[in-house]
Amino acid sequence: MTLLALETSCDETGAAVVRDGKILANVIASQIKLHAEYGGVVPELAAREHLKNLLPVARAALREAGVVPAQLDAVAATQGPGLGIALLIGFKAAQAMAYALNKPFLGLHHHEAHLYSPWIGGLAPGPSISLPAEGQGKPSLFADFAEFQPNVSLIVSGGHTLLVLVTSELHHRVLGGTIDDAAGECFDKTGKLIGLPYPAGPVIDRLAAQGNPTAFDFPRPLLHEPNDDFSFSGLKTSVRYFIRDHPALLDDRQKVCDLCASVQAAIIEVLVKKTIRAARREGVRCVTASGGVTCNRALRLELARACAAHDLTLRLAKPALCTDNAAMIGILAERKLLAGAPLPALDAEINPGWSLA
Ligand code: KG4
Ligand code: ZN
């Protein structure tokens, strides 16, 4: 089965071609530079960029995969959640392609797709990734996926922080989520207070590596609450007051590194401890993580340490597949088709506020 998948929920225009659990091509046009000037994603600009880049990106994915549209068995796109006018571009384009080819169309939940990205193997990191011809890549992802169900999955991005229990393939239950800011938003907003460019997450990651994570003490919100929810807006506010009270600190490079390391340590401690606690309570053997914040090196390291200490297997999405991409949409679409999941009507609409159940 060969599928084309499109992803335009936020600021990455993605197209991927998937066949039999393998990624034949995964092309991404990132808009990060465009939005950096505004300190955040501007929905109208994102939609215009998607419109400009979608067909070139889709053509590039088909070319890399060596697939022509007539060979496609289905077309899939992200249906939600995301920015409405951004989602519309990929979703409507995929619907039109499916209609023109007279093939099934699948509209998928972006976070459900994130649950599968840690299982995608055989890809080298990079903005545009392709595998050699079919059969030469690594084994298809579901070889070991089956072995590690149920698992507890952490999804951490700029828009979401979720803990999900994946009970079996295509079945899951949300354990908790953020009640205010997402973890990535906390990285980006505290970075802005420190004077760092958007998105600040990767910059804080780099500066924190040269800083002392115990230099300053910031709150660990909801860490001791007996639930799987997160809250990061109070942490951001305490950084705001800290900077207000110590303005000279921002002129000292080492202190800025210490501040980044201390903020990062607070975010990571909450994410890691709550993930491990949920995994132990649910009695799973495996923890997975994906979403842009999973690129963070200290988070990867701390998750690895904590999982090793509790005899849990850890599967982290490869950095290139942590951030938004169409490969995860294609992989999920293929599994849904194979499982005979009901298809949405060809005139289905986007669902920008769709929550994962
Ligand atoms: O998944 P993603 O590409 O987009 C969505 O928000 O859906 O995630 C982007 C987020 C941003 O908040 C960015 O600052 C954060 O992921 N991020 C990081 C790192 N790389 C990206 N945060 C911390 N450390 C990183 N290395
Ligand atoms: Zn995402």
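Mentor: Helix H6 gives the most to the lining of the largest pocket, with six residues. Helices (H or I, at least four residues) and strands (E, at least two) are DSSP runs, numbered from the N terminus. This is a predicted model, in which local features need pLDDT of at least 70, side-chain atom pairs count only at pLDDT 80 or more, and totals for chains, interfaces and linings use all residues. Residues are numbered from 1 along each chain as its sequence is written.

Trainee: What is a pocket, and which residues lie nearest the centre of the largest pocket?
Mentor: On a 1 Å grid over the protein atoms alone, a pocket is an open set of points where a 1.4 Å probe fits, with protein on both sides within 12 Å along at least five of seven lines; lining residues have an atom within 4 Å of a point. Here 45 residues line the largest pocket, and Glu12, Ile32, Pro199, Gly292 and Thr323 lie nearest its centre. Among the elements that give two or more residues to this lining are strand S3 (22-30) and helix H7 (200-208).

Trainee: Why does the largest pocket lie between the two domains?
Mentor: Domain bounds come from an automatic or database domain assignment. The largest pocket lies between domain 1 (2-116 + 323-338) and domain 2 (127-316) because both give residues to its lining.

Trainee: Which helix supplies the largest share of the lining of the second largest pocket?
Mentor: Helix H9 does, with seven residues. Of the 18 lining residues, Pro213, Ala265, Ile268, Ala298 and Glu302 are the closest to the centre of the second largest pocket.

Methods
Chains are lettered from A and ligands numbered from 1 in the order in which they are written. Side-chain values use heavy atoms; hydrogens and water are left out.
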